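Please look over the charged side chains in this structure before reading on. The points below are meant to be read beside the model.

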Amino acid sequence: MNKAEQNKGKKKKNANNRLVAILLIVCLAVTGAFVFNIVRILVADSGSGSTVDTDQNESNSAYTIGNNPTDVNKEYFKELTDAVNGLKDDDDDTHVTLATALVKTFITEYYTWTNKDGNYDIGGMQYMFKPKQTDFEDYTLDNFYADMDLYISQYGRAKLMQVKKVAVDSAQKAADYTVALPADTSEVTDDSAVQTETLPCVEVSATWTYEDNSSIDTAQFQNHAVFEVVNDSGRWEIGAITNTTSSANTTEAN
């Protein structure tokens, strides 16, 4: 091999080395940008809204505050704790007080989206009547939470709706709540009557407002409902939510 061919080979080798180096730099730059973007999103999400980490000490004998509670949620949960501590079995007034605080706490957990990771993150489920929790979850995913993931991807959760205040329109002892008991299939016949039981009930009508929002029109979301709060073996839970309205629609969840 003559000197000219050697020089030509060296130039070709150097060019290949430069190309490899350039490709390596580009790959590192793309990877760095990708990692930076993921970290930026995670940091942004962790500080969204006016939420704070759950204080595991914020609980009482019946309930525990939800994840990433907002300030108003924490305020209402303290009311709920006071109501739990002051509850008397034979005192209707204390029942109404507890049901009112429970509804206010539920609203701030369920209807606030600034602290949610996705539509699977349903707030306030612990306050729902246990035999109806599965049905309520299905209803939520098909209705109020149906477009949550889309809103999060478009605006980021920090710009979604957050309950600002709950106003209780009325709260009073109501007619007993009737619930069907699970059937004993070994004894069921065509003539068998459906077995039911009745539970003490308090009816609470409430209206709430959302924090000001420049990204989405909060007027289109539900802002009123009537809640039937029932005494299930000493633990008060929401048995039904009716007359659920907003300026945009009317729905019902049972």
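Predicted model: local features only at pLDDT ≥ 70, side-chain atom pairs only at ≥ 80, totals over all residues.

1. Residues are numbered from 1 along each chain as its sequence is written, and side-chain values use heavy atoms, with hydrogens and water left out.

2. A search of the whole structure finds 5 salt bridges (a side-chain nitrogen of Lys or Arg within 4 Å of a carboxyl oxygen of Asp or Glu). One of them joins Glu 79 and Lys 104 at 2.9 Å, N to O. This pair links distant parts of the chain, since Glu 79 is in helix H2 (residues 71-85) and Lys 104 in helix H3 (residues 92-110), 25 residues apart (helices are DSSP runs of H or I, at least four residues, and strands runs of E, at least two, numbered from the N terminus).

3. Glu 79 is partly exposed at 32% relative accessibility, whereas Lys 104 is buried at 12% (buried means under 20% relative accessible area, exposed over 50%, and partly exposed in between, with a 1.4 Å probe and protein chains only).

4. Lys 130 and Glu 237 also meet in a salt bridge, at 2.9 Å, N to O. Because Lys 130 lies in the loop between H3 and H4 and Glu 237 in strand S4 (residues 235-245), the pair ties together parts that are 107 residues apart in sequence.
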